[in-house]
Amino acid sequence: MLEAGPIERFSKVGNFASYCRVVSSQWTSNGKAKGKGNKKNGNKYLSWAFSEAAEFARRFDDKARAYYNRKLRKSNFMVAHTALAHKLARAAYYVIRDQVPFMPEKTFT
C-alpha cells in the first residue's frame, strides 16, 4: 500500500496491474509485433513483491495452487506464475480501494 501511493490515482484495476509490472508490455498490429513497449515502466518493487506473493500462494494456498496448475497445463511455468501474480495484484487493488478483507473464494473462481 505504501509503495503504490494513493489508490485513487489508478482509475482502473488494469492501470494498477500495469504499474505493478504484472502484465506484459506489447505493441501489436494485425497480429504482428511492432515493438516491445516500455518494460521498465512501473514499480519494480511491487513487481518483485507480487512475484514473491504468487510463489508463496502457490505453495501454501490450495485455491491458488489449483489456479496455477490449471494455467500450467495450458502454458509454461513462467506464464502460470505471472498469471497468478496478476490475479493477486488485481485482488490487492480491490482490497485497498474498497477497504475489505482478502477473500480467496472471490479471487480464484
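The chain exposes about 7700 Å², and carbon and sulfur atoms supply 54% of that area (Shrake-Rupley method, 1.4 Å probe, with only the protein chains shown counting as cover for residues). Keep in mind that this is a predicted model, where local features need pLDDT of at least 70, side-chain atom pairs count only at pLDDT 80 or more, and totals for chains, interfaces and linings use all residues. Residues are numbered from 1 along each chain as its sequence is written, and side-chain values use heavy atoms, with hydrogens and water left out.

**Overall build**

- You'll find five helices and two strands in the chain, in the order α-β-β-α-α-α-α from the N terminus. Both kinds of element are DSSP runs numbered from the N terminus: helices are H or I with at least four residues, strands are E with at least two.
- Along the principal axes, the C-alpha atoms fill a box of roughly 40 × 35 × 20 Å.
- Of the 109 residues, 26% count as buried. Buried means under 20% relative accessible area, exposed means over 50%, and partly exposed is in between (1.4 Å probe, protein chains only).
- Among contacts in the chain with a separation of 6 or more, 48% come from residues 24 or more positions apart. A contact here means heavy atoms within 4.5 Å.

**Charges**

- The chain carries 21 positive and 8 negative charges, and their mean positions are 12 Å apart.
- Lys and Arg count as positive, Asp and Glu as negative, while His and the chain ends are not counted. Each charge is placed at NZ of Lys, CZ of Arg, CG of Asp or CD of Glu.

**Aromatic rings**

- Aromatic pairs come to seven in the count. Rings of Phe, Tyr and Trp (its six-membered ring) pair if their centres lie within 6.5 Å; planes under 30 degrees apart are stacked, over 60 edge-to-face, and the rest tilted.
- F10 and F16 make an edge-to-face pair, because their ring centres are 5.3 Å apart and their planes sit at 75°. Both residues are buried.
- F16 also pairs edge-to-face with F50, at 6.5 Å centre to centre and 85° between the planes. This pair links distant parts of the chain, with F16 in helix α1 (residues 13-19) and F50 in helix α2 (residues 44-60), 34 residues apart.
- F16 counts as buried at 2% relative accessibility, and F50 is buried too, with a relative accessible area of 10%.
- One aromatic cluster takes in F10, F16, Y19, F50, Y93 and Y94.

**Around Y19, E3 and N43**

- Y19 is in helix α1 and counts as partly exposed at 22% relative accessibility.
- Leaving aside neighbours within four places in sequence, Y19 is in contact with E3, A4, R9, F10, G42, N43 and L46.
- The C-alpha atoms of Y19 and N41 are 7.1 Å apart, although the two residues are separated by 22 residues along the chain.
- E3 lies in the segment before α1 and counts as partly exposed at 40% relative accessibility. With neighbours within four places set aside, E3 is in contact with Y19, N43, Y45 and L46.
- E3 and K32 are 35 Å apart, C-alpha to C-alpha, and 29 residues apart in sequence.
- N43 sits in the loop between β2 (32-35) and α2, where 7% relative accessibility makes it buried.

**Two positive phi values**

- Most residues other than glycine have a negative phi.
- R21 has a positive phi, near 60°. R21 is in the loop between α1 and β1 (27-29) and counts as partly exposed at 27% relative accessibility.
- Q99 has a positive phi as well, near 55°. Its place is in the loop between α4 (77-98) and α5 (104-107), and at 63% relative accessibility Q99 counts as exposed.
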